[in-house]
Every structure is written in structure tokens, then in C-alpha cells.
Amino acid sequence: MTIKTFSGSDADPPEELAAAKQACATTTGAPLRVSVVIPARNCAATIEGVVTPIVEELVTARIVDEVLVVNHDSSDATARLAAGAGARVIDFSASGPITEVPDSGKGSVMWKGIWASDGDIIVFIDGDHLRFDSSKVSRLVGPLLRDPSLHHIRAFYDHYEGGRTTEAMARPVLSLLHPELGGMRQPLSGEHATRRSTLAELVFPVGWGTEFAILDQISRRHGAAAIAQVDLHYKEHTKGDWAHISLQAFELLYVALRTEFRAQGRTLPEHWGSVVMTPGDRPGEANRRPARTAEMPPLMSLPSWPERERQRLRP
């Protein structure tokens, strides 16, 4: 099938987007709310440049209701700078229904961001953009406001120098397990918007497999027609080194296979293990790098979730 795609010229003027949001209501009849959640770890050099345009342009225009930065144990001034720019900041290690998460990664940070946020639509934005403008948020939100059949909108970029794990692992895995998602341009993009009720259904791998897992599970639950993509033109951000590529690819593959086996009522073979083997310094030597294979449960499965939702929906 063809993935529904919104071009770079499909952006709504702020006043029209605000009117479209005002016309939407939740199942309880309450006004619909939009949260921007930014997972951030040691992003002091970039976090203000991400938060400020959202606050000054989209919060002011009543398109976004809150900007939430989940500070993932930063050792720099990320939290202070984010708060100064107008974000609500929570500390990852002290927040959420589960405070201790061994080997935490982006997935567990996102999971806690969903819990802490108040939005009916949640937009995830990476905190390490070197160049950012608020249209990257508004372009993601617009399709969900106008089309109730859509559950998830993922970004792609005309100009992007990343994508190493996408081409080496994500695209081949999608071709095998989800050919219906073959039209996704950047399936591992960190910029996406999803309905809160949909996110609450999902298991969240704690590590690098999270972005793939979101697509995988939404497609299985709601069909590929519930997923769309939007052109955000460019992404310039700080990049990790090559040493992490094999670990990222392993965690993605592990998540993909685990989800497929689970769908078949099976478990992963025990002898497969959960470590990445890479060559050592000496000939024939192998280094063992443990992968993060833990996962966070669906939020809606937690006994405390109904009360959290009641708190969120109080006037």
C-alpha cells in the first residue's frame, strides 16, 4: 500500500491550525490538548533553540498547551536552560509510576513523558536539533486534528545526513515483517505525533528499538492506514559515533523479532542471547556489549493509569 504522505507545502497557517484544534473535542467533550515532549540528555547546547520557538509561537497561538522536557540524568545545564525557555521540566529518575529503570534509554524516557504529559495528542521532538523551527511541530499536529482515522504521524526530511541504522537494519526488517510500511521515508525519525490513547496501548522497549516498536505495534493494532508521514524538510542535529551503530541495529532487530514471535504466541530462543559481539583489539578476540532488551509495560495496563487520567482530565 501507499503510505499517506503530506508534503512540505501542506502546513496550516497558525490561526487555521488553532481553529482546527478548537473544533476538536475529546470523548468526554473536553477541549483537546496538545503536549510536546522532548527527551533530553546533555542537550545544553541546543535545548533552548528547540523549546523557545515552540513556546513563543505555538503555545502563544494556543496550538500547543505544554512543552515538557524529560531530563534524562543530564550532567550539564539542560534542565535549567529548558525551564528558563518556558518548558516544564521533570527529572527522569524521580518521575513516573516506575522510578527505577535499569539500563534506561530513550524508550523509557518517552514512556515517562507520556505519563507526565497532559496532552491528548503527544508530539515527540528530539532535543539535539542544531537548527529548529516551530513548523516541525505544527506540521505533525495538523493531520491528526483533521483526520480522526490517523493515529500516528512520523516525520521525514528532504535533507538529512543520518539514516545509517535505517538503511542497514530498519528498512530490511520492515521489508520482511511489514512490507505495507515500505513507503516510510524515515521510519526511525525521532519527530512524530500520536494520539495519547494509542500510545497508552503500546509496550515501550527501553532502548534504541523504540521508534521501530511504535510503528510495528500501531500497524498491527490499527493497520498501516492509521499511519502517515509528513515532510519536515531538514534535520540538523548532533550525531553519535559509528561505535553505536551495531548496538542500535541489534536492539532494533531484537525488538522486531520479539514482537513477531510474540504475535505468533512464541518466545525468543534462549540461545540467541542479548549481547552484541564486536572484534577486540587482539586478532580473534571478541568484545561483549550488553544490549538493552527490557521493556516498559503499556501504560493502560498499570493499576494507577485510570487515576492518572482522571487527574489529567480535571478542569
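**Note on loops, sheet and aromatic contacts**

1. Asn42 counts as partly exposed because its relative accessibility is 39%; buried means under 20% relative accessible area and exposed over 50%, with partly exposed in between (1.4 Å probe, protein chains only). The phi of Asn42 is near 55 degrees, a positive value in a residue other than glycine. Asn42 lies in the loop between strand 2 and helix 2 (47-59), where helices (H or I, at least four residues) and strands (E, at least two) are DSSP runs numbered from the N terminus.

2. The model is a predicted one, in which local features need pLDDT of at least 70 and side-chain atom pairs count only at pLDDT 80 or more, while totals for chains, interfaces and linings use all residues. Residues are numbered from 1 along each chain as its sequence is written, and side-chain values use heavy atoms, with hydrogens and water left out.

3. The open sheet is built from 8 strands in the order 1-10-6-8-5-2-3-4, with mixed pairing; two strands pair if DSSP finds at least two bridges between them. Strand 1 (4-6) and strand 4 (88-91) are the edge strands, each pairing on one side only. From one strand to the next the twist averages 20 degrees, with axes taken as lines fitted to C-alpha atoms (for helices over the stretch in contact) and angles running from 0 to 180 degrees between N-to-C directions.

4. Within this sheet, strand 6 (residues 152-156) and strand 10 (residues 227-231) run parallel and are joined by 5 bridges; Phe156 has Asp231 in strand 10 as its bridge partner. Helix 5 (residues 135-146) packs on the sheet, its contacts including strand 1, strand 2 (34-40), strand 5 (121-124) and strand 8 (192-195), and its direction makes about 150 degrees with that of strand 6. Contact here means heavy atoms within 4.5 Å.

5. A search of the whole structure finds 3 aromatic pairs; rings of Phe, Tyr and Trp (its six-membered ring) pair if their centres lie within 6.5 Å, and planes under 30 degrees apart count as stacked, over 60 as edge-to-face and the rest as tilted. One of these pairs is Trp115 with Trp305, which is tilted, at 5.9 Å centre to centre and 45 degrees between the planes. This pair links distant parts of the chain, since Trp115 is in helix 4 (residues 106-116) and Trp305 in helix 10 (residues 305-313), 190 residues apart. Trp115 and Trp305 are both buried.

6. Phe261 and Trp272 have ring centres 5.6 Å apart and planes at 70 degrees, so the pair is edge-to-face. Phe261 lies in helix 9 (residues 245-263) and Trp272 in the loop between helix 9 and strand 12 (275-279), 11 residues apart. Phe261 counts as buried because its relative accessibility is 12%, whereas Trp272, at 42%, counts as partly exposed.

7. The ring of Phe261 also has the charged end of Arg266 over it, 4.4 Å from its centre; a charge sits over a ring if NZ of Lys or CZ of Arg is within 6 Å of the ring centre and within 35 degrees of the ring normal. The charged end of Lys112 sits over the ring of Phe92, 4.3 Å from the ring centre. Just after helix 9, Gly265 takes a positive phi of about 75 degrees.
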